[in-house]
Amino acid sequence: MNIEWGNVREQFPVLQEWVYLNSASFGPLPRCALEAMERHNRRRDEQACVDFVSWFDDADRVREMAAALIGAAPADIAFIPNTATALGWMVQGLKLKPGDRVVALEDEFPNNTYFGHVLARRGAEFVEVPLEGGEFSLDRFCAAIDARTRLVLMSAVNYSTGLRPPVEEIGDYLRRRGVGFYLDATQGLGALRLDVSRVQADVVAAHGYKWLLTPAGIGFAYVRPEVREWLEPCVYSWRSHKDWRQVDVLHHGPPELPAEAQKYEGGLQNFPGIYAMGAVLEMMLELGPAEIEKRVKELGECCREVLRKAGARLLCDRLSYYDSPILAAEFPGADASRLAVELRKQKVVVAARHGYLRVSPHFFNSEEDLERLGAALTGRSSP
Ligand SMILES: Cc1ncc(COP(=O)(O)O)c(C=O)c1O
């Protein structure tokens, strides 16, 4: 397919004024998402909300698209307000005992480590596998998995360094040992492909507001069918009984839970967010996840070149497993936070994380954006 990426850019009003290279913080909202939210809000008034059960039918179509994006079945998908919620389902549902072991990598996103520390307070053991010099080692990771290990918490792409651990090999190793695997795909999903049948995680969660270009407060989680057989919901609501769609008669006695992942969702959903996510997923599926990933990789390569020319040292140049759209750059003698502020004054948006300038191009960026980043870096005042 020959995609006119220039036309795709028309979808993103932010690009008219900014060189936006910060999808690892917030993905910009495309027009189609804004319009979908507006349509929904208008419909509320036009129909006086009497059609609200049909909003759930629309949500099911969004569920189908989310499933299609990651090679899952629609029944495997639950909407989430954020990844912390999906992580809570998994961790609480596992009912860990004192002595059980929970494993994460060093420098994980705080959601994953905080839960680990809290579990440790309750008697579980929390182990952070060291990344020596930033380098991930599959052997070191596997050595941390012992007979007491119940759960591994991991990001598909590290939020600050761009580390992209080999999740398919990791998932395979954990599945063969019966160890629970929670994968946070917030960083990367929407730019990089992910196939749940290959990754073999038990729960995969993605908050949409970064690479999936949705508003904050909406995302989705995949919950593996076998896991749904034992993982109990942590919240119950009027939607906990399988016949909840018959809203005129809502009392069903003890709820018979639906078999689908929607049983974890709790009550009413964030419909503006769901409609927005539906519009973005439709755009992404139409462009094609493979084409998007190819474009992201092309731009990533171009961005690396620009950063190197501007004098940066890149983590991905000296370490394995850093092939991702989050580029961590060090500029010798320069303070990353100050540099990010200086670039912002030139209308170039990047972030600073842990001493690195973090540049995160997405498919809507262009080679011209990257040239402007290069020019802004070259023309910067000295540190
Ligand atoms: C890997 C990862 N997960 C999750 C989040 C956001 O957390 P939550 O979805 O709980 O708001 C971020 C935000 O930076 C992130 O980088």
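At what angle do H11 and helix H14 (residues 367–378) pack, and how far apart are their axes? In this predicted model, local features need a pLDDT of at least 70 and side-chain atom pairs count only at pLDDT 80 or more, while totals for chains, interfaces and linings use all residues. Residues are numbered from 1 along each chain as its sequence is written.

Two packed helices are described by the angle between their axes and the distance between the axes. H11 and H14 pack at an angle of about 15 degrees, and their axes are 9 Å apart; helices (H or I, at least four residues) and strands (E, at least two) are DSSP runs numbered from the N terminus, and axes are lines fitted to C-alpha atoms, for helices over the stretch in contact, with angles running from 0 to 180 degrees between N-to-C directions. H11 and H14 are therefore roughly parallel to each other, in a scheme where angles under 35 degrees count as roughly parallel, over 145 as roughly antiparallel, 65 to 115 as roughly perpendicular and the rest as oblique. Their crossing is right-handed, a crossing being left-handed if the near helix is turned anticlockwise from the far one by less than a right angle, and right-handed if clockwise. On the H11 side, Leu 299, Cys 302, Cys 303, Val 306 and Lys 309 meet Glu 367, Leu 370, Leu 373 and Gly 374 of H14, where two residues are in contact if their C-beta atoms, placed from the backbone, lie within 7 Å. By class, this contact of H11 with H14 has six nonpolar, one polar and two charged residues (Ala, Val, Leu, Ile, Met, Phe, Trp, Tyr, Cys and Pro count as nonpolar, Asp, Glu, Lys and Arg as charged, and the others, Gly among them, as polar).

The domain assignment, which is automatic or from a database, gives domain 1 (5–29 + 289–378) and domain 2 (38–286), and 27 Å separate their centres, taken over C-alpha atoms. The contact takes 29 residues from domain 1 and 25 residues from domain 2. On the side of domain 1 that touches domain 2, the largest share, five residues, comes from H11, and the residues of that side divide into 19 nonpolar, six polar and four charged.

Two further helix pairs were examined. The axes of helix H2 (residues 31–46) and helix H10 (residues 271–287) come within 8 Å and cross at roughly 140 degrees, which makes H2 oblique to H10. H2 passes H10 in a right-handed crossing, and the residues of their contact divide into eleven nonpolar, three polar and no charged. Helix H4 (residues 83–94) and helix H5 (residues 110–121) pack at an angle of about 35 degrees, with axes 11 Å apart. H4 likewise passes H5 in a right-handed crossing, and the contact joins Thr 83, Ala 84, Leu 87 and Val 91 of H4 to Asn 111, Phe 115 and Leu 119 of H5.

The ligand is surrounded by residues that include Thr 83, Ala 84 and Asn 111, as well as Asp 184 and His 207, a residue being near a molecule or strand if its C-beta atom, placed from the backbone, lies within 6 Å of it. The shell around the ligand divides into three nonpolar, seven polar and one charged.
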